[in-house]
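Biologist: I'm new to this one. Could you show me how to read it?

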Amino acid sequence: QVQLVESGGGLVQAGDSLKLSCAASGRTFSNYGMGWFRQTPGKERDFVAAISRSGGTTAVADSVKGRFAISRDNAKNTVYLQMSSLTPEDAAVYYCAAYIPPGALSSYLTKRKSDYRYWGQGTQVTVSS
């Protein structure tokens, strides 16, 4: 089992940047692919970005393409979400999650929420206009 703790959320103004971090503990971090999802009240938890266990493959949602980037540091057991040009539509609780790639494939990537086995508690991002 792996424990995930997000940090870095807060209140920013539209156009600002923010970097979220997710620290993992409990198992070998490099065995897991990682992702970020976000959720607003009354709505589904939506995919934002994902990165393979090796870090060599990444994907982001169309809604954040060109503004958000995901990265990881396996030596620090941490995954990051760099967010720029934030808009009020980006305001949400952001969740970090981990998945186990089939066959331990280092480049495997998934955007499906159901594939993610472990979740953090979330960090709130608020964007004022």
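Modeller: We'll take the sheet, then the pocket. This is a predicted model, where local features need pLDDT of at least 70, side-chain atom pairs count only at pLDDT 80 or more, and totals for chains, interfaces and linings use all residues. Residues are numbered from 1 along each chain as its sequence is written, and side-chain values use heavy atoms, with hydrogens and water left out.

Biologist: How many bridges join β3 and β8?

Modeller: Six, between residues 18–25 and residues 78–83. Ala23, for one, has Thr78 in β8 as its bridge partner.

Biologist: And which residues lie nearest the centre of the largest pocket?

Modeller: Rolling a probe the size of a water molecule over the atoms shows where empty space is left. A pocket is an open set of points on a 1 Å grid over the protein atoms alone where a 1.4 Å probe fits, with protein on both sides within 12 Å along at least five of seven lines; lining residues have an atom within 4 Å of a point. Here 14 residues line the largest pocket, with Arg38, Thr40, Asp46, Glu89 and Ala92 nearest its centre. β5 gives the most to that lining, three residues.

Key. Pairing = 2+ DSSP bridges. Helix = DSSP H or I, 4+ residues; strand = E, 2+ residues; numbered from the N terminus.
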